[in-house]
Amino acid sequence: MKRTVKRHEHARINADDPIHFSFDGKRYRGYEGDTLASALLANGVAVVGRSFKIHRPRGVFAAGKEEVNAFVQLEEGPYTEPNARATLVPLYADLKATGQNAWPSVRFDGLAMLGLFKRVLPASFYYKTFKWPSWHTWEGLVRRIAGLGKAPSQPDPQTYQKQTVHTDILIVGAGRAGLMAALEIVREGHQRVLVLDEQEKFGGSLLASAEQADRAWLKRVLADLAGRDNVTLMSRTTVNGYYDHNVLAALERVGNHLGTQAEQSQPRERFWRIHAGQVILATGAHERPLVFPNNDRPGIMLASAIREYTHRYGLTLGDNVVFYANNDSAWDVALELVTAGIKVTAIVDVRSTVVAKLQRRATLAGIELKLGYAVVDTRGRSGIKKLLLRKLTADRDHLTGPKESLSCDLLAISGGWTPAIHLYSQSGGKLIFRDADTCFVPDVASQAVTVVGRANGEFSQPLNLQALWSTPDVSSEYQWIDFQYDVTVSDIQLAVRENFISVEHVKRYTTNGMSIDQGKTSNVNGLAILAQETERQIPEVGTTRFRPPYHPTTIGAYAGRELGPLYTPGFQLPAHVCHVALDAQFEDYGGWQRPEYYPRPGEDEHQAIAREVLAVRNSVGLLDYSPLGKLEVHGPDAREFLNRMYANNMVTLKVGGARYGLMLNEKGIVIDDGVLVCLAEDHFLMHTTSGGAGTIHQVLEEWLQCEWMQLEVLVTNVTTQWATLTLSGPNARQVLEKLDGDIDLAHDSFSHMQYREGTLCGVPARLLRASFTGEVSFEVSVPARHGQALWEELMTAGKNYGITPFGLESLMVMRTEKGYLHVGADTDGNTMPQDLGWAGVIAKKPADFVGRRSLSIEVGQDEQRLQLTGIELLDSSADILAGAHVLSANGDSSTGYVTSAYHSPTLGRTVALGIVAGAHARQDEEVTLFYNGNRQAARLVKPGGYDPEGERLNG
Amino acid sequence: MASLAAHSALQVQGLTRDEFSVREITDSGLIRLQTFHRSVGSVENVAEALGMSLPGPGEVLAGDAITVYWSSPGEWVIRVPIGSEQEQLVSLQSRFEGLFAVVTLMTDSRVTLELSGVMARDVLARGSSVDFHPSVFGNNRCLSTRLAGVPIMLAYSAQHDTYLLFACRSAAHYLLDWFLASSEDC
């Protein structure tokens, strides 16, 4: 590759400001405005990468996102990025890049020896090869050598952001077509217009034009648009996905061009979710390579890329340039190069005739014309040196005549143009194949989208293209279609021989157009060769479905800020600071950060929980129970509504009274439980499972809004209005009595399952006597802003009683000791109330309720349903964990499992609950538990070994 | 014994950046007003008892001492000066005597955040898919949506160029952390 000593004057680089960078450890110089690819080319670096499978040396092939060879490992350590396209990496000071997929370097790669075995490494060879003796024999080796770049091993210190934008009109692509569309729109009205372009600067292929008129037009239009309030111009932004309802996704590279020195306050990339009224796609077209033997050598480049490197970056890439083409566009480039002072030796064209005007201009420019020829081979390992040609027959099906040769140091190829219809296709738009230009173009759109310019197949001049999909009469083994993945014509032929007909199957079997290329350069060549091999027309073969992302997108951008603590919303308790001060061990319970237990210095989890449980059993404990769901139900039909929603009778619930209830869904499955309080005849307070208020509120609203619209009922969620602290233990009443209040706490006036309202320490208070511990308990609710102070007051008031804060895990131990159900833990997606011993309660309820009909179905009556039971280990010193299976009598299958199991410090043994087939009729039966390879003898017992008469909680 | 102390939801400074700020508003009392809107004339009757028309979908209406935000069909949030909400509640209950209208205190269930600064709209767009452009979400508009996964009600005042955000009190710290992370470039 020729080194450029002096850039052309019209180059769009800042030649006054040299920038130093390194590639593979060697320092080079480039300029602001360069890409890494243009800077490497300027420095004469020919080999910049290696192919995926057989490690062929590769040079820069394109100038934009269609690059298939120049992939580098960018930067190091936590900043490293694999598979960065050198053509898309703007040069910045001290940029550090290394070649990838090579050892020790891309220039001298030891793994290139794999090329010797190309014949035994055809498409999908791995499906056939690594079966014997087993995949694992090969796994270590394959994992070491497979893949391209290396993923970073350290956390990324950079940040990513996501943002939504709405616009009336979105224009994708700010080349000539996109900018003209923008001009037309803004002249007509004041709609919001968003113009996105993936390049560093706006202009698209105009940036590669040496024409002063083009440059002036671009400058004028950009100034016009930038001055309008209703137009937003965003460069460095690639639209990657087009979804339903005109929602598009785009990636803005905010700080990539600044490298590792970018300000940390700025995100590295921003992922845009765009809602557009109308979309205009001006995404241009990709030039296609020609397929011929050894067409992958460094120094073989797309003609359009050479044009861009010449005019935009001011490079002279060769002293002896040859063109190989099948259409007119490459001839224009050849003539432009001559004008720029670059020597173009010859144009080889597969067409036997070309428009006379072009032939005349080329001849006048001193270019030798080889019309009706095909390239049959190339020479030059690290850079193209020679072409071998033969004449084509008139029908271009065969070669004829002797082999001829042409020396060159740069080969420009052009196999026509492929409109970039990826986004259009993702939008659901139909495509149609245009024979004249051998490309797919948009046909019928299915969303509000218009495609303009070359993306719509509108080329500025006729291409006059004549296809030659590969060189005939020579080996197909080294004719590359997908350069990066080493897919050659022979791979397509193999797939066809193995009876793959569908283009989608052939794509996956051969990997043609997968991963990096995404069909940009390989799609049409691949399917055309498939058509040839299967003797079909191209439209009959069709094209593969284009799917997002159009261009690789950083995973960090998809994540944005939803990482670590911000991964999902977290809710804090009203007395959170008190729990922090007590060194609580926090855990996420349905989004709530709640204390599991409060370890004291030197205590482990089990010791802390045992201490807390015994403190509650023997004196008094305090629990922050604020996430307890609290829904107020109002209205003249409130009681009727609630009686329909609960499986048990709520008609007889008196004002001031509370009743435990089970709630089912239409299928009769238990979905929630809790205590219902009657505040007034038309006003109820429903308690739901902690953290479940939102879900149950939705269930209630669904019934009210969709089924029972005539019921005059209003529901309001007051869960977070009230901080709820549970004071529990034999001394609970004594502690609560120490606080100023106007509620009579005496046993006779305020007994278990009663509710009172009043004031406590001068603030409104709601008190409920309900117990999940089995001890006397007061659930004390005050407005949330007073929750922290209430906690502090109760802790102070309980000091003489050794009041002990206790966490959720301690509560779970106590409720399991009591045999209390925890919906979700002790139930599964099939549990019906009869499985919980509620058959009698339900039978007595005269009124209908949600789920009742489903309870009577045959499967609901099955005696072998999984039923709730207590489980007692025969060895009182043994432990078991939730999840242990209850084995069948012969021990060969599971008949249920342990749902809750804890060591009870109160009883000095493990207490467990489970759901077991037919358990209600199997009480006192001995069973075997199986867990993690161990077996334990156990007995099915009635749940709740602690205070079975309930004397303590009624105290 | 003195009354229980009150603590704000955040108990910490809000967030002040060059182009974006968040501060907790603690001078607002909130009351939820619900009526059985499927019953013909119910909304009109409630409005008449209230002495002011009720805002329609997405609207905010300011009265003499109260501001009313539309929340959902048949549901509004009434913002009153802090400390007056109990008195207002009783007053409303008495005005609605004989009507099926429910008023519920919700001051403590919500944190109220004021968002300001030229980047406020952009920051909101980082956690929500709503179109916050003034031509769509302009003066005295409100809506219920999700921000960063948290259900919120949001209102915009062009007069002060500020957004008022009402969210579950328990999510206050999460939201502040999210605003911190999402406004580093502001």
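Trainee: Which elements of chain A do the buried residues of α21(A) pack against?

Mentor: Happy to start there, and do keep in mind that this is a predicted model. Helix α21 of chain A covers residues 808-818 and is mostly covered, with 10 of its 11 residues buried. Among those buried residues are Leu808(A), Leu811(A), Val813(A) and Met814(A). The buried residues pack against β30 (585-589), β31 (592-597), α16 (605-618), β32 (621-624), β45 (894-904) and β46 (909-917) of chain A.

Trainee: Which residue just after α21(A) takes a positive phi, and of about what value?

Mentor: Helix α21 of chain A runs over residues 808-818, and Lys818(A) is one of its buried residues. Just after the helix comes Gly819(A), with a positive phi of about 80°.

Trainee: Let's turn to the sheet with β19(A). Which strands stand at its edges, and why is one side of each left without a neighbour?

Mentor: This is an open sheet of 3 strands in the order β19-β20-β21 (chain A), with antiparallel pairing. Each edge strand has a single partner strand, so one side of it has no neighbour in the sheet; the two edge strands are β19 (373-379) and β21 (399-407) of chain A.

Trainee: Which residue of β20(A) stands opposite Val375(A)?

Mentor: β19(A) and β20(A), the latter spanning residues 386-392, pair in the antiparallel sense over 6 bridges. One bridge puts Arg379(A) with Lys386(A) as its partner in β20(A). The residue opposite Val375(A) in β20(A) is Leu389(A).

Trainee: Which residue in the turn between β19(A) and β20(A) has a positive phi?

Mentor: Of the 7 residues of β19(A), 5 are buried. The strands β19(A) and β20(A) form a hairpin with 6 residues between them. In that turn, the residue with a positive phi, of about 115°, is Gly380(A).

Trainee: Which element gives the most to the side of domain 1 of chain A that touches domain 3 of chain A?

Mentor: Domain 1 is assigned to residues 14-129 and domain 3 to residues 290-414 of chain A, and their C-alpha centres lie 25 Å apart. In this contact, 14 residues of domain 1 meet 14 residues of domain 3 of chain A. On the domain 1 side, α1 (36-42) and β4 (57-58) of chain A each supply at least two residues. The element that gives the most, with 3 residues, is α1(A).

Trainee: Which element supplies the largest share of the side of chain B that touches chain A?

Mentor: In all, 39 residues of chain B are in contact with 44 residues of chain A. Elements giving two or more residues to the chain B side are β3 (28-35), β7 (101-105), α3 and α4 (172-182) of chain B. By class, that side has 17 nonpolar, 12 polar and 10 charged residues. The largest share, 6 residues, comes from α4(B).

Trainee: Which element of chain B has the highest mean pLDDT?

Mentor: The model scores ipTM 0.97 and pTM 0.93, and chain B averages a pLDDT of 94. Among the elements of chain B, helix α1 (residues 42-50) has the lowest mean, 92, while the highest, 98, belongs to helix α3 (residues 120-125) of chain B.

Key:
Residues numbered from 1 in each chain as written. Chains lettered and ligands numbered in written order. Predicted model: local features only at pLDDT ≥ 70, side-chain atom pairs only at ≥ 80, totals over all residues. Pairing = 2+ DSSP bridges. Helix = DSSP H or I, 4+ residues; strand = E, 2+ residues; numbered from the N terminus. pLDDT = per-residue confidence, 0-100. Domains from an automatic or database assignment. Contact = placed C-beta atoms within 7 Å. Nonpolar A, V, L, I, M, F, W, Y, C, P; charged D, E, K, R; others polar. Buried ≥ 20, exposed ≤ 12 C-beta atoms within 10 Å, placed from the backbone.
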